[in-house]
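I opened a new notebook page for this model.

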Amino acid sequence: MVALIRRRFLGTKISLNSHRHKLQWSVKQVTKSNFSDSLQEFKSHLSASDFVAVSLQNTGSFSAPWNRVSSFDSPETAYLKVRRAAERFQLLQFAICPFTISGSKVTAHPYNFHLFPRDELNIGMPSYSFSCQTSYLTAMARQGFDFNACIYDGISYLSRAQELAAIVRMANPINLNYVVEASSSPPTVADTVFVERVKSRIKHWKKSCIDSTSKKIDDALVKSLQKLVLGGEQYGSRPCMTIAVCSERQVQLVSEMLREFFDDLVALKIPTKGGGTQAVRVVLTSSKEDKSLLERELQNAEEEQNKKMRGFREVIELVSASQKPVVSHNTLNDFSVIHSKFIAPLPLDVNEFLNSLQSNFPLIFDVNHMMKGIGPLENVTSIPAAVSHLKNRFFAPIEMELSHGALLDESKIHGQTVVRICYLFAKLCSVLKITPGSIQSSDGKVLDGYANAFRSCSGNSVESLDGGIRIWTNSPRKVDCKDLVFLVGIQEQAVCWNA
């Protein structure tokens, strides 16, 4: 039985951002070598949890100071900036934590997946290239990140769009029983002639296969001539023949004819590398049981291939299929990366991006945006600062219960930010008087106030490793633009105040 860690925060003086007493949690580190087992474990934890927190570690966030998202940006401008960063930089770590809130107790199951994209299928795609920001790599190295292990044992993946392209390029046989529908248009004379000719060929070939089985032919020359005349081949240990086709219409006709006249045959569509159909391969089975066995073999082979192509994207698909609320610290940045790497290339229009994202993740909560419900905040630009702010001003004790064992390897502390997000989210729910059960209610007011707030988050300060623009005021009242003065060049910052 998995041991559980319990850490109580009521009355403690240990801060999450304390250098002297740095609080650390045990997070399961997942690489290619233990991905399969961890995926099954993650699936069970996901189904038993109510929320999912995510935290990403990229090789950078912006290529120049003016590419950073600022409070002056419109939603469209902010999206174009994060779109550029998502396309340029690579994702190396994806921390994800299914968790449940019950009163003041949080039960969490954190995982940190180490990623590195590569051509696992040896088909020449995809060809990856990405930029790196030295400050980000330096910070990861200080935390003990093993770049060699990432390159050699990191989990690869393909996005949905890349997977479709890979399937076309690999041109593997496809079972026609699952993909071809019945024809809706009446057959023409040419169709009838084609079907009768193919049916006659299959009858002679099938009879020859049965005869050769019952009458053992030892003459190699006779066997070769028979195979040449009848077009006989082998699909594994089973006899098969190939039928040339010129169009998808002919594929449809062959499939319908086989289902009507031949119960012991399995038809396979042989695609071209350009996406069309090259031929139909007919495999002869010895019985109904043998036919079922062959179809299961084909299905299992397809599933294994798809699993290998998807790689880490299996985790994203599980979260998307669960339709559970996802919690993040910076939704616009994080989900632009998630969309780009695992779903499809990012569209140019921000509304198209949001519509596509919502179809996959209907409820997304940003703890940055939820902090706005507390009131005007000064210098709360990171998760530790937000937690410290809440601890100093509100009595909202939270008990954390984590899985994955009580022992913590000091050299593997990656992915703990995702646990801090779970903690901060539970703290905010307590302070804001939000019942976690009401979050998933379709008519709850919580949805209108805090979920999917991408536009209002576009100007938030981002926890980053480089300096940038900060804005503050001692007076929260609104002022006119003509009363503002901008001074540039003071301590490499742009300062704005009421004139």
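I call a residue buried under 20% relative accessible area, exposed over 50%, and partly exposed in between, with a 1.4 Å probe and protein chains only as cover. This is a predicted model: I use local features at pLDDT of at least 70 and side-chain atom pairs only at pLDDT 80 or more, while totals for chains, interfaces and linings take in all residues. Residues are numbered from 1 along each chain as its sequence is written, and side-chain values use heavy atoms, with hydrogens and water left out.

Is Cys150 buried or exposed? Cys150 is buried, because its relative accessible area is 3%. Cys246 counts as exposed, because its relative accessibility is 74%. I then looked for disulfides, taken as pairs of cysteine sulfur atoms within 2.5 Å. The count is zero.

**Whole chain.** The protein has 499 residues, and 47% of them count as buried. I find 17 helices and 16 strands. These are DSSP runs numbered from the N terminus: helices are H or I with at least four residues, strands are E with at least two. The protein exposes about 26100 Å², with 53% of that from carbon and sulfur atoms. The areas come from the Shrake-Rupley method with a 1.4 Å probe. A contact here means heavy atoms within 4.5 Å. Among contacts between residues at least 6 apart in sequence, 79% join residues at least 24 apart.

**Strand E11.** I looked up E11, residues 277-284. Six of its eight residues are buried. Which strands pair with E11? For pairing, DSSP must find at least two bridges between two strands. E9 (residues 238-244) pairs with E11 in the antiparallel sense over five bridges. There, Met241 has Val282 of E11 as its bridge partner. E10 (residues 265-271) is also antiparallel to E11, over seven bridges. Lys269 stands opposite Val280 of E11.

**Strand E14.** Strand E14 spans residues 399-402 and is covered on both faces. Glu399 and Glu401 are buried on one side, Met400 and Leu402 on the other. E5 (residues 105-108) pairs with E14 in the parallel sense, over four bridges. Lys105 has Glu399 in E14 as its bridge partner.

**His114.** His114 sits in strand E6, residues 111-114. His114 counts as buried because its relative accessibility is 11%. What does His114 touch beyond four places in sequence? Its contacts include Gln29, Val30, Thr31, Leu92, Phe145 and His414. Ile155 is another of its contacts. His114 and Ile155 are 41 residues apart in sequence, yet 6.2 Å apart C-alpha to C-alpha.

**Asn368.** Asn368 lies in helix H13, residues 367-371. At 13% relative accessibility, Asn368 counts as buried. Its C-alpha atom is 8.4 Å from that of Ser328, 40 residues away along the chain.

**Record check.** The unreviewed UniProt entry places a "coiled-coil region" at residues 284-311. Such annotations may be inferred rather than shown by experiment. In the model, this span is 82% helix and 4% strand. Its end C-alpha atoms lie 34 Å apart.

**Confidence.** pLDDT is the predictor's confidence in each residue, from 0 to 100. The protein averages 78, and 74% of the residues score at least 70. Over residues 406-411 the pLDDT is below 50, and this stretch has eight contacts beyond near neighbours in sequence. Residues 456-474 also stay under 50. For them the model has 51 contacts beyond four places in sequence.
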